[in-house]
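Please read them with the structure open.

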Amino acid sequence: MSSPALETYLARLYTDDAVLGAFLLAPHAQALLHGLSPQEAEAMAAMDRVGLQMAAASYRAKRAGRAGHGRQARPAQRWWRRLLAGWI
């Protein structure tokens, strides 16, 4: 089972480019600095770094896509409210 510190650190690696960059330079040391146990730090140091970078890029692209979608959805929601207001 993973610890809350490990889960939090993984989320930061996926979403924070500075944290990811520091991890890629010194994975074991950075994992320890973020509160992981020595065993968790060892596991993090052995993980697939290319896969980690690909996952972070994928999450970044999804967030960027969602941000653009949210801006487009708001005017449509207002349009539907005006339409429904006329029927009620």
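**Notes on the core and its surroundings**

1. Start with glutamine 30, which lies in helix α3, residues 27-33. The model is a predicted one. Glutamine 30 is buried, because its relative accessible area of 17% falls under the 20% cut-off.

2. What does glutamine 30 touch, not counting residues up to four places away in sequence? Its partners are Tyr9, Ala22 and Phe23.

3. Tyrosine 9 is buried, with a relative accessible area of 1%. Phenylalanine 23 is buried as well, at 0%.

4. Searching the whole structure gives two aromatic pairs. Tyrosine 9 and phenylalanine 23 form an edge-to-face pair. Their centres are 6.1 Å apart, with 75 degrees between the planes. Tyrosine 9 sits in helix α1 and phenylalanine 23 in helix α2, so the pair ties together parts 14 residues apart in sequence.

5. Now the largest nonpolar core. Twelve residues make it up: Leu6, Tyr9, Leu13, Val19, Leu20, Phe23, Ala31, Leu36, Ala41, Met44, Leu52 and Ala56. Which elements give two or more residues to this core? They are α1 (4-15), α2 (17-25), α4 (38-45) and α5 (49-87). As background, nonpolar side chains in soluble globular proteins tend to be buried together.

6. Setting aside neighbours within four places in sequence, leucine 13 contacts Val19, Leu20, Phe23, Met44, Leu52 and Ala56.

Methods. Residues numbered from 1 in each chain as written. Predicted model: local features only at pLDDT ≥ 70, side-chain atom pairs only at ≥ 80, totals over all residues. Heavy atoms only, no water. Core = buried A, V, L, I, M, F, W, Y, C linked by side-chain atoms within 4.5 Å. Buried < 20%, exposed > 50% of the residue type's maximum accessible area, 1.4 Å probe, protein only. Helix = DSSP H or I, 4+ residues; strand = E, 2+ residues; numbered from the N terminus. Contact = heavy atoms within 4.5 Å. Phe/Tyr/Trp six-rings, centres within 6.5 Å; stacked < 30°, edge-to-face > 60°.
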